[in-house]
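Dear colleague,

A short account of the findings comes after it.

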Amino acid sequence: MSTSLLPPAAGLGLRSPHLAEVLATRPDVAWWEVHSENYFGGGQPIAMLEAVRADYPLSLHGVGLGLGSAAALDIGHLARLKALIERVEPALVSEHLCWNRVPGRFFNDLLPVPRIAGALGLLTERIDQIQTTLGRRILIENVSSYIAFDNEAFSEAELLAALVARSGCGVLLDVNNLHVNALNLGVDPLAEIARIPLGCVGEIHVAGFEVCDGIAIDTHGAAVAEPVWRLLDAALTRFGPLPVLLERDTNLPPLAELLAEYRRLVDRVAHCEPQPC
């Protein structure tokens, strides 16, 4: 099996507590995805990731660049990402459509970008800078939101489509985030899927959410909800076979339990029929 490309099949998010067991048991998983920032240092973590990479395709998913921040890109962060890419040769590299800092302060969260005048130009410039530095295309992921901004010029899918046209980036479509935004803000997730051009989606994410004080929170801490499975079906029907990742970051279960949910994703992906062109 080639490990340089992601197959259009189910993959699984790999978190540090499961690394040793994965290396010991080599479970039947088509590919893995990790958070890039967890491997910016040296030592045992990167050595273990390289051992995983020797046998499986890998996707790097970033959570720290903050593309939409008013502050300039963190060049040191970008350099560490480039070094990691050169070391593990991932099939895909992705980041979020978010901001995370102002001068002198960093927010450890994926804050939604206000989709107002000027956002498209700033984001296009940042994505161009990243892709030029890395020498490759990246995927940009839609995020979950808990508030709406006044005077927004685009829906999130419309902004992603414009970024694809201007920068040549791809889209990582998170259907759980679409569902969370539907619950919190009344966004129509099927309309958002329809606004994303064919051919630009390189990967899909599914995950679970939790409800706190009446607000749906994208915790990645629960099983995938049935409406999210249905959105996955709709996305695969529109975009065709793609790599689809199951994410779990909090309330992390034992690997065997997570693999049982992964097998549900395997079946769902295998039985989805793309619509005829």
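The following paragraphs describe the overall fold and then the aromatic pairs.

Please note that this is a predicted model. The protein chain contains 9 helices and 12 strands. Its radius of gyration is 18 Å, close to the 19 Å that the globule rule gives for 277 residues, so the chain is as compact as a globular protein of that length. The C-alpha trace spans about 55 × 45 × 40 Å along its principal axes.

Of the 277 residues, 53% are buried. When contacts between residues at least 6 apart in sequence are considered, 79% join residues at least 24 apart. The chain exposes about 11900 Å², and carbon and sulfur atoms supply 56% of that area. As to charge, there are 20 positive and 33 negative charges, whose mean positions are 4 Å apart.

A search of the whole structure finds 2 aromatic pairs. In one of them, the ring centres of Trp 32 and Tyr 56 are 5.7 Å apart and the planes stand at 80 degrees; because an angle over 60 counts as edge-to-face, the pair is edge-to-face. Trp 32 belongs to strand β2 (residues 32-35), whereas Tyr 56 sits in the loop between α2 (44-53) and β3 (58-61), so the pair ties together parts that are 24 residues apart in sequence. Both Trp 32 and Tyr 56 are buried.

The rings of Trp 99 and Phe 107 have centres 5.8 Å apart and planes at 75 degrees, so this pair is edge-to-face. Trp 99 is partly exposed, at a relative accessible area of 23%, and Phe 107 is partly exposed at 23% relative accessibility.

Yours sincerely

Technical notes
Residues are numbered from 1 along each chain as its sequence is written. This is a predicted model: local features need pLDDT of at least 70, side-chain atom pairs count only at pLDDT 80 or more; totals for chains, interfaces and linings use all residues. Side-chain values use heavy atoms; hydrogens and water are left out. Helices (H or I, at least four residues) and strands (E, at least two) are DSSP runs, numbered from the N terminus. The radius of gyration is taken over C-alpha atoms; the globule rule is 2.2 Å times the number of residues to the power 0.38. Buried means under 20% relative accessible area, exposed over 50%, partly exposed in between (1.4 Å probe, protein chains only). Contact means heavy atoms within 4.5 Å. Accessible areas come from the Shrake-Rupley method with a 1.4 Å probe; for residues, only the protein chains shown count as cover. Lys and Arg count as positive and Asp and Glu as negative; His and the chain ends are not counted. The place of a charge is taken as NZ of Lys, CZ of Arg, CG of Asp or CD of Glu. Rings of Phe, Tyr and Trp (its six-membered ring) pair if their centres lie within 6.5 Å; planes under 30 degrees apart count as stacked, over 60 as edge-to-face and the rest as tilted.
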